[in-house]
Amino acid sequence: MEGELLSALCTPALVVDVDKVKRNAQRMIERCQELGVQLRPHMKTHKTIECADIMTGGSRRSIVVSTLAEACFYADHGFDDILYAYSVPFDKVERCAALSERLDLFQVLLDHPDALEQLKKRPLRDGRQWHVWLKLDCGNGRAGVLHSDPEAVRLAQAITEAEGVQLTGVYAHCGNTYNCKGVEQIQAVAQETTSLTLQFMEKLKAIGITCKSSIGSTPSCSHPVKDMAQLSEVHPGNYVFYDVQQSLIGSCSLEDVAVRVLTRVIGHCPHRNQLLIDCGWTGISLDGAGKLPTGYAVIEGHPNLKLLSMTQEHGRVEPISGPLDYSKYPLGSLLTLIPYHSCATAMMHPVYHVHSEGRLLGKWTPTRGW
Ligand SMILES: Cc1ncc(COP(=O)(O)O)c(C=O)c1O
């Protein structure tokens with residue numbers, strides 16, 4: 001299909017604009033160079049080799065993953081310096097050990113002394129050390145020891161003192177930037193997470209512990225604050241695709257969004273003033289819960305259309321106001337959906353169709369599983 005127009009695809013199909021991907025990736029690389037921090041891009045949004053190559057500038061080094069399936073996939077393709085940024089699951093310690101013994105630098109993350117005990121129970125072979133990041137909660141309210149909890153410093157100390165284990169860094173994810181609207185709010189959260197992380201690093205320094213520090217999310221790294229220059233690393237991921245959610249937060253403009261779902265009109269329902277499309281929740285996901293004025297997605301070029309609801313393989317579309325002009329949407333015609341959350345939408349697709357200016361270039365195949 002190479003060289004053909006997007007309209008040659010069977011739908012629903014996830015299409016990736018490679019020029020926008022490259023532009024988004026390059027902007028993040030330059031932003032981090034200007035700041036003087038190491039970019040450790042997260043792979044969770046796309047989970048492909050091709051996009052990872054674009055994000056790492058071809059180095060195949062210094063990445064974050066959210067599943068062991070991703071870690072193994074990237075290790076199998078010659079990537080190294082991989083951080084598995086997920087509280088180390090006890091059923092997967094052996095697989096983590098195997099990766100630690102195989103790669104130059106495989107790193108795990110934890111936020112509980114029991115996890116440290118699990119690592120100590122499985123010493124690495126050939127004199128290798130477990131490389132551990134301590135997960136800190138600086139207000140995100142998900143994983144991590146609360147930054148102000150004395151247990152956080154105690155755990156850092158315990159990691160440092162444990163035989164066969166070394167404290168590589170402190171990792172705080174500012175997912176709370178997703179509650180922001182506009183650059184000012186994003187930067188306030190970025191500043192707070194940065195300040196709390198740097199204060200924690202000072203506490204460690206006071207007891208003789210030095211290690212790396214990393215914060216990040218797509219909103220905060222799209223609009224970094226000056227103090228982020230004092231961190232060692234940042235770890236955004238979604239920026240390579242962006243999505244409607246990011247444009248509403250203020251991370252990007254809708255122009256920057258690199259992915260779409262193509263869908264076709266498969267039914268007319270004049271008795272309900274609706275039409276049906278071949279994209280259900282298996283094609284775009286239910287993320288966003290239909291809260292947009294246009295429902296579950298933005299229908300490109302048709303601001304008066306709303307993706308109202310979906311079942312597994314059907315979507316219901318209706319006008320925001322007025323009667324539908326069915327002559328504009330004949331059966332078989334294409335509509336283009338801009339996803340609310342590209343990470344969730346990409347997860348629904350076994351392949352991504354890559355194009356440049358609407359001409360197909362090839363396919364990217366993501367890894368799946370945990
Ligand atoms: C632990 C962790 N680190 C980094 C990221 C990347 O952040 P973003 O998706 O905002 O780019 C995520 C995203 O969910 C995450 O969960």
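This is a predicted model: local features need pLDDT of at least 70, side-chain atom pairs count only at pLDDT 80 or more; totals for chains, interfaces and linings use all residues.
For the residue classes used here, Ala, Val, Leu, Ile, Met, Phe, Trp, Tyr, Cys and Pro count as nonpolar, Asp, Glu, Lys and Arg as charged, and the others, Gly among them, as polar.

View 1. The ligand is surrounded by 14 residues. The closest of these are Ser217, Thr218, Pro236, Gly237 and Asn238. Sorted by class, the shell contains nine polar, four nonpolar and one charged residues.

**View 2. Helix α1, residues 18-35.** At 1.5 Å a residue, the 18 residues of α1 should span 26 Å, and the end C-alpha atoms are 26 Å apart, in agreement with that expectation. After α1 comes Gly36, with a positive phi near 85 degrees.

**View 3. Buried and exposed residues of α1.** Val21, Asn24, Ala25, Met28 and Cys32 are the buried residues of α1. They cover an arc of only 95 degrees around the axis, which places them on the same side of the helix. Exposed on the other side of α1 are Asp19, Glu30, Gln33 and Glu34.

**View 4. Packing partners of α1.** The buried residues of α1 pack against the strands β1 (13-17), β2 (38-39) and β10 (233-234). They also pack against the helices α2 (49-55) and α8 (218-222).

**View 5. The setting of these close-ups within the protein.** Eleven helices and 18 strands make up the secondary-structure elements of the protein. The radius of gyration is 22 Å, close to the 21 Å that the globule rule gives for 370 residues, so the protein is as compact as a globular protein of that length. Buried residues account for 45% of the 370 residues.

Conventions
Residues are numbered from 1 along each chain as its sequence is written. A residue is near a molecule or strand if its C-beta atom, placed from the backbone, lies within 6 Å of it. Helices (H or I, at least four residues) and strands (E, at least two) are DSSP runs, numbered from the N terminus. The expected span of a helix is 1.5 Å times one less than its number of residues. A residue is buried if 20 or more other C-beta atoms lie within 10 Å of its own, exposed if 12 or fewer, and partly exposed in between; C-beta atoms are placed from the backbone. The arc is that of the directions from the helix axis to the C-beta atoms. Two residues are in contact if their C-beta atoms, placed from the backbone, lie within 7 Å. The radius of gyration is taken over C-alpha atoms; the globule rule is 2.2 Å times the number of residues to the power 0.38.
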